[in-house]
Structure formats: C-alpha cells, structure tokens
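Subject: Structure handover

Hello,

Here is the structure I promised to pass on. Please open it first, then read the notes below.

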Amino acid sequence: MEIKTTRIVIAASNRCLFTAHLPAHHHGTNLETPVTIHHLRRDYRYGSLTRDELPHDPIALFQTWFSELRGAELPEWFEPNAMTLATHKATGGAACRIVLLKEVEPDGFLFFTNYQSNKGMEINLDSRVSLGFYWPILDRQVRVEGIAERVESEISEHYFRSRPRSSQLSANVSPQSEVIEDDSLLQRLVDELDTKLAGADVPRPDHWGGYRVRPISVEFWQGRPSRLHDRFRYTKQSKGRSEGLSPDQPSIWKVERLGP
Ligand SMILES: Cc1cc2nc3c(=O)[nH]c(=O)nc-3n(C[C@H](O)[C@H](O)[C@H](O)COP(=O)(O)O)c2cc1C
C-alpha cells in the first residue's frame, strides 16, 4: 500500500530550518506549508484516562500503557523505551539526556550507563532523579520522580553479556562525558582492546552498570481534545512504622487528578 506523505517545512523568521515528511493520516497535525514553529500543534484524540480504570499501583498502569504501545504499529525509528533522565548538577541547575529503559520491575525502572559519566557523578551526589516518557502515537506522557540506586552487579553483568560485542568494547574504552581531543582515539582504543582480547569475552568494566529508579511519584498524562488532558499523579505514601507497614508489604499510593 502506498503511504501518502505531506511535506512539512519548519521555518523561523523566514529561514527554513528543516523539512520533514509526515504520513498524511497523522491525525490532527497542522500541515500547512511552510509553517512557523508556533503554528505546529495538533489535537490529541486517541483516548481518555478515567479514575475508575486506574490500578492501585502505578507500575501496573505503566506496564499496561507500555504493552499497548508495543501492540501499536510503531515506525522502526521510534524507540518506546527511550526516556529523558533528569539529574541535579553539582554546580546547581538541572541536566537531562535520553537513556533507554531496559527493565521495569515491581519497584523500579532500570537503565544502564557509565557510573563515571556526568549523570553517574550527579546521581552519586544527589540520587533524586526524574524520568520522562513521551509516546506521541498514543498521545501519552509518563513522568516519574524517584531515587536512583545502583543495581546488583549480577544484573549489570547479565545485561552486559546480552549486548553486542561491539557495544561491550565501546563501554570499556569510552570515557563518557569527558572531552576527547583526538577524533580517532575511540576507534583506536576499540581496535586495540579487540586485538588484545583475541576473541575472548569482553569483561564488564567496574564503571559500567545499571541504575534502578524507585518511584516516589508517577504521573500519567493522556492528551485530550482542546487541551483538556487527563492527568493523574500517584504519590507513594511513606511506609513508616506509624502506618504499621513492613517493607515487604505492597506500597500504598495516593492518586490525584491534576489540572492539565
Ligand atoms: C536514543 C538514545 C538512547 C540512549 N541511551 C543511552 C543509554 O541507555 N545509556 C547511556 O549511558 N547513554 C545513552 N544515550 C546517550 C545519552 O543521551 C548521553 O549522551 C550520555 O549518556 C552522556 O550523558 P551525560 O554526559 O549526561 O552522563 C542515549 C542517547 C539517545 C539519543
């Protein structure tokens, strides 16, 4: 089947920044050409989120939303597990970047990285982080605020072993976040290590592993027509002794609707 596309031009102050081809059926997109950035908007019509469909646990809703996403026909380039990770900088201010979600556990979201990178150092100093997911195909956003902790080394090892050899080599040699003066350095280091290993397994460096973000609050945003979006925020209630809860009991979450 031939997919009709419409050319969309994004311009600022009469200067064309880039052009994109969007599927003509892409719902609600303003397809006038050329357009300025402030003209780019679409109405969100995919669905709604009501209080009675909310499970007690936000991880359960996350899993449901994620499986619905995987059931959708996603373009190859779209990575549903890409998420923004925001951290506090030691110098004050915030930093964010994309990382890939690799596991969702009953009590947390897992990603893998270099512990000596900027994000690693930032988490060392302040483990309060935020995650953000945007799934435009379902008009959905999920925001997580929580505490990041290093995962057990067996989990890091297990995931490291599942990665392609080339990625394992890169993880060993890349000084993530550091300035690299020599443009050919990384490839040279990869080649050297590969030769040295002579086909043996690539070891996982100590500075590479996973983080688990244990959520304190999770917000689900479902885009709705005319900007009357549905937002529900789950906030974890403390499991202190005053509530007579032991750590292995399921968490209790307060759910509130938020203004869009
Ligand atoms: C789609 C995408 C996925 C990425 N996944 C990861 C990842 O899982 N882990 C990681 O360390 N960096 C990942 N990166 C690179 C980070 O965005 C970032 O450049 C890098 O981790 C260094 O960040 P930092 O200097 O703030 O520590 C990804 C980037 C993109 C665009």
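One convention before the findings: Ala, Val, Leu, Ile, Met, Phe, Trp, Tyr, Cys and Pro count as nonpolar, Asp, Glu, Lys and Arg as charged, and the others, Gly among them, as polar. On that scheme, the shell around the ligand divides into seven nonpolar, six polar and three charged residues. Please keep in mind that this is a predicted model.

**The ligand shell**

The ligand is surrounded by 16 residues. The closest are Arg-97, Thr-113, Ser-117, Lys-119 and Ser-177. Which of them gives the largest share? That is β5, with five residues.

**The chain overall**

The protein chain has 260 residues, and 19% of them count as buried. Five helices and 12 strands make up its list of elements. Take the contacts with a separation of 6 or more: residues 24 or more positions apart account for 57% of them.

**Strand β10 and its partners**

Look at β10 next. Its pairing with β9 is antiparallel and runs over 11 bridges. Within that pairing, Gly-146 stands opposite Pro-215 of β10. β7 is also antiparallel to β10, and six bridges join the two. There, Phe-112 has Gly-210 in β10 as its bridge partner. β11 (residues 230-236) is joined to β10 by six bridges, again antiparallel. Here the bridge partner of Glu-219 is Arg-233 in β11.

**The nonpolar core**

In soluble globular proteins, nonpolar side chains tend to be buried together. In this model, the largest nonpolar core has 25 residues. Those with the most contacts inside the core are Val-129, Leu-131, Val-142, Val-144, Tyr-211 and Val-213. At least two core residues come from each of α1 (58-71), β4, β7, β8, β9, β10 and β11. β10 gives the most, with five residues.

Which residues is Val-129 in contact with, leaving aside its neighbours within four places in sequence? They are Leu-85, Ala-86, Thr-87, Ile-123, Gly-146, Ala-148 and Val-213.

**Helix α4**

In α4 (residues 165-173), the buried residues are Gln-168, Leu-169 and Ala-171. They cover an arc of only 160° around the axis, which puts them on the same side of the helix. Ser-166 and Ser-167 are exposed, on the other side of α4. The cover over the buried residues of α4 includes α3 (153-162), α5 and β10.

Asp-139 has a phi of about 55°, and Ala-198 has one of about 45°. Asp-139 is in the loop between β8 and β9. Ala-198 is in the loop between α5 (185-197) and β10.

Are these two buried or exposed? Asp-139 is buried, because 22 other C-beta atoms lie within 10 Å. Ala-198 counts as exposed, because it has 6 C-beta neighbours inside 10 Å.

With 14 other C-beta atoms within 10 Å, Asp-107 is partly exposed. Asp-107 and Ser-251 are 144 residues apart in sequence. In space, C-alpha to C-alpha, Asp-107 and Ser-251 are 9.1 Å apart.

**Where to start**

I would begin with the ligand and its closest residues, such as Arg-97 and Lys-119. Then follow β10 to its antiparallel partner β9. Finish at Val-129, one of the residues with the most contacts inside the largest nonpolar core.

Best wishes

Technical notes:
Residues are numbered from 1 along each chain as its sequence is written. This is a predicted model: local features need pLDDT of at least 70, side-chain atom pairs count only at pLDDT 80 or more; totals for chains, interfaces and linings use all residues. A residue is near a molecule or strand if its C-beta atom, placed from the backbone, lies within 6 Å of it. Helices (H or I, at least four residues) and strands (E, at least two) are DSSP runs, numbered from the N terminus. A residue is buried if 20 or more other C-beta atoms lie within 10 Å of its own, exposed if 12 or fewer, and partly exposed in between; C-beta atoms are placed from the backbone. Two residues are in contact if their C-beta atoms, placed from the backbone, lie within 7 Å. Two strands pair if DSSP finds at least two bridges between them. A nonpolar core is a set of buried Ala, Val, Leu, Ile, Met, Phe, Trp, Tyr and Cys residues joined through C-beta atoms within 7 Å. The arc is that of the directions from the helix axis to the C-beta atoms.
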